[in-house]
Amino acid sequence: MAALAANRHRRGGVVLGWPVLIAFAMVRLPATHAAVVVGVLPALTAAFAALRGRERATPAFWAASVAGLVAVVVFALVQGGGSFHAADLLLLGSVVLCAWGSLKVA
């Protein structure tokens with residue numbers, strides 16, 4: 001029963017967090033910008049799964065994940081004129097909530 005309750009709590013990130021945060025971000029950012037930032041969602045979901053499952057991911061996995069994240073951060077900085085905007089933080093928050101909420105509680 002505790003796993004079910006934890007699962008409901010985690011799903012709130014996908015059901016409420018993702019759509020609300022991304023909607024507010026999309027009012028302020030072009031869709032192309034958001035698409036690039038949201039592109040880190042699969043890698044972040046895999047990273048959360050590896051950490052939560054205490055799996056030993058290969059160094060290549062972590063290197064590729066970090067390289068992808070750095071590329072997205074550089075893109076956001078270049079597009080934002082050298083600084084992050086509140087909408088970028090909203091996008092990042094929506095991606096983190098969605099990635100975390102996508103994990104299944106065993």
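## How H2 meets H5

In this predicted model, the axes of helices H2 and H5 come within 10 Å and cross at roughly 40 degrees, where axes are lines fitted to C-alpha atoms over the stretch in contact and angles run from 0 to 180 degrees between N-to-C directions. His 33, Ala 34, Val 37 and Val 38 of H2 make the contact with Asp 88, Leu 91 and Val 95 of H5, contact meaning heavy atoms within 4.5 Å.

## How H3 meets H5

The axes of H3 and H5 come within 8 Å, crossing at roughly 50 degrees, and that makes H3 oblique to H5. On the H3 side, Leu 41, Leu 44, Thr 45, Phe 48 and Arg 52 meet Val 95, Val 96, Cys 98, Ala 99 and Trp 100 in H5.

## The nonpolar core

The largest nonpolar core has 16 residues, and Val 38, Leu 41, Leu 91 and Val 95 have the most contacts inside it. Such a core is a set of buried Ala, Val, Leu, Ile, Met, Phe, Trp, Tyr and Cys residues joined through side-chain atoms within 4.5 Å, with buried meaning under 20% relative accessible area for a 1.4 Å probe, protein chains only. The largest share of this core, five residues, comes from H5.

## About the model

Residues are numbered from 1 along each chain as its sequence is written, and side-chain values use heavy atoms, leaving out hydrogens and water. Because the model is predicted, local features need pLDDT of at least 70 and side-chain atom pairs count only at pLDDT 80 or more, while totals for chains, interfaces and linings use all residues.

How values were computed. Buried < 20%, exposed > 50% of the residue type's maximum accessible area, 1.4 Å probe, protein only. Helix = DSSP H or I, 4+ residues; strand = E, 2+ residues; numbered from the N terminus. Parallel < 35°, antiparallel > 145°, perpendicular 65-115°, else oblique.
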